[in-house]
Amino acid sequence: MKLSRLFFAFCPIFLCLGNLHAQGYPSKPVRVIISFTPASATDIVARIVMAKVAEYWGQPAVIENRAGAGGSIGSNVVAQTAPDGYTLLINSNAHAVNPAIFAKLPYDTTRDFTDIAPLSELPNVLVVNGGSRFKTLADLIGYGKANPGKINFGHAGVGSGTHLNTVKLITSAGIDVTQVPFKGTPEVVAAIFNGAVDCYWVPISAGISNIRAGKLQALAVSTTRRSTLMPDLPTTAEAGVKGADFGLWFGLWGPAGMPVDVVSKISADTRRALADPGVREKLANTGNTPLDMPPEAFARFVRSEIEDYARTARAAGIKPQ
């Protein structure tokens with residue numbers, strides 16, 4: 001009985017000490033690691049959202065791009081940092097794809113991170129050079145079937161969303177291609193311009209300007225529904241390939257062991273930013289749809305995605321390497 005009274009007497013003190021974390025956070029700039037290159041789809045979303053979050057904080061969100069290995073290099077940087085909320089990670093769904101692709105990641109995806117908030121989702125667009133012989137998805141698939149291995153298909157690194165999107169397309173279409181990995185979207189697009197690769201699933205936010213300028217030609221959109229930015233562009237299913245649907249999403253994480261109240265504050269400020277009309281307009285202009293989940297729901301979502309991508313990889317015959 002005495003112990004119970006003592007416990008309850010000290011509970012308010014413990015709660016107050018815990019809340020002090022969030023009340024004083026952030027008291028200095030926050031480092032935000034982005035797992036892909038500047039101007040990539042992940043980078044575009046991160047900069048739009050974190051610019052608004054930094055306004056709420058009154059502290060800079062210092063962006064640092066750490067690209068490579070399908071986003072796992074940036075993830076590993078965050079996994080190794082102190083869980084004080086001053087180093088955060090923004091990654092694509094490559095975060096959930098990587099366990100199905102890499103046999104030996106330098107971290108454990110489910111144990112070494114704190115799931116904070118989803119940011120947005122958007123479709124990929126299959127593109128070729130503006131002067132390419134391929135004018136439709138049927139043209140590309142037909143050539144691929146007649147010429148196994150002759151199509152050079154770029155993607156943003158093993159384990160990236162664009163890699164898995166590539167796998168789903170070629171598996172569903174039954175074609176053999178040569179896959180060429182890069183660090184990120186800008187590098188793949190440059191390779192299309194110089195003829196080093198034939199095609200790529202570019203995130204619509206990172207490709208729309210070149211598509212509109214005629215430098216890239218769009219063949220299909222990756223999602224089950226057409227994009228509002230390109231309503232005349234067919235989905236892969238409409239273009240004749242069933243089972244190749246794939247969406248791209250982005251999220252915010254921290255290292256494992258962060259104070260719960262700090263996580264709650266970062267999540268609340270991020271969700272507030274995503275609800276801001278100006279942020280929503282900027283995201284919409286890049287083809288992104290904001291997502292809204294509290295940390296607990298986001299954690300469940302991430303784990304379900306990890307399981308789904310593992311099933312997809314097994315079905316496609318991909319073995320972790």
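1. In helix α5, which spans residues 137–146, the buried residues are L137, L140, I141 and G144. Seen down the axis of α5, these buried residues fall within an arc of 95°, so they line one face of the helix. An α-helix has 3.6 residues a turn, so residues three or four places apart point the same way. The model is a predicted one, and the points that follow should be read with that in mind.

2. As for what lies over that face, the cover of the buried residues of α5 includes strand β4, helix α6 (161–173), and the strands β7 (199–203) and β8 (216–221). Several of these elements return below, in the linings of the pocket and the cavity.

3. D115 belongs to strand β4, which runs over residues 113–129. Is D115 buried or exposed? Its relative accessibility is 9%, and because buried means under 20%, D115 counts as buried. The side chain of this aspartate makes a polar contact with the side chain of W253, at 2.8 Å, and another with the side chain of R303, at 2.9 Å. Once residues up to four places away in sequence are set aside, D115 touches L252, W253, V263, P295, F298, A299, V302 and R303.

4. A256 sits in the loop that connects β9 with α9 (260–275), and with a relative accessible area of 31% A256 is partly exposed. Leaving out neighbours within four places in sequence, the contacts of A256 are with P83, R111, D112, F113 and T114. A256 and N165 are 91 residues apart along the chain, and their C-alpha atoms are separated by 29 Å.

5. The largest pocket holds about 430 Å³ of space. Its lining consists of 17 residues, of which E121, P123, T223, R225 and T289 lie nearest the centre of the pocket. Which element gives the most to this lining? That is β4, with three residues, while β4 and β9 (247–255) each supply at least two residues. By class, the lining of the largest pocket comprises five nonpolar, eight polar and four charged residues.

6. For the second largest pocket the volume is about 210 Å³. The residues lining the second largest pocket are I101, F102, H155, V158, H163, P181, G317, I318, K319 and Q321, and by class this lining has five nonpolar, four polar and one charged residues.

7. Rolling a probe the size of a water molecule over the atoms shows where empty space is left. How many cavities of 30 Å³ or more are there? The count comes to one cavity of 30 Å³ or more, and about 100 Å³ of space lies in the largest cavity. Of the 13 residues that line the largest cavity, F36, T42, A156, T162 and P203 are the closest to its centre. The elements giving two or more residues to the lining of the largest cavity are α2 (41–57), α6 and β7. By class, the lining of the largest cavity has six nonpolar and seven polar residues, and no charged residues.

8. To draw the points together, strand β4 holds the buried residue D115, is among the elements covering the buried residues of α5, and gives the most to the lining of the largest pocket.

Definitions and conventions: Residues numbered from 1 in each chain as written. Predicted model: local features only at pLDDT ≥ 70, side-chain atom pairs only at ≥ 80, totals over all residues. Heavy atoms only, no water. Helix = DSSP H or I, 4+ residues; strand = E, 2+ residues; numbered from the N terminus. Buried < 20%, exposed > 50% of the residue type's maximum accessible area, 1.4 Å probe, protein only. Polar contact = N/O pair within 3.5 Å; in protein donor to acceptor, adjacent residues only side chain to side chain. Contact = heavy atoms within 4.5 Å. 1 Å grid on protein atoms, 1.4 Å probe; cavity = no way out; pocket = protein on both sides within 12 Å on 5 of 7 lines; lining within 4 Å. Points joined across faces, edges and corners; volume = space filled by probe spheres on them. Nonpolar A, V, L, I, M, F, W, Y, C, P; charged D, E, K, R; others polar. Arc of directions from axis to C-beta.
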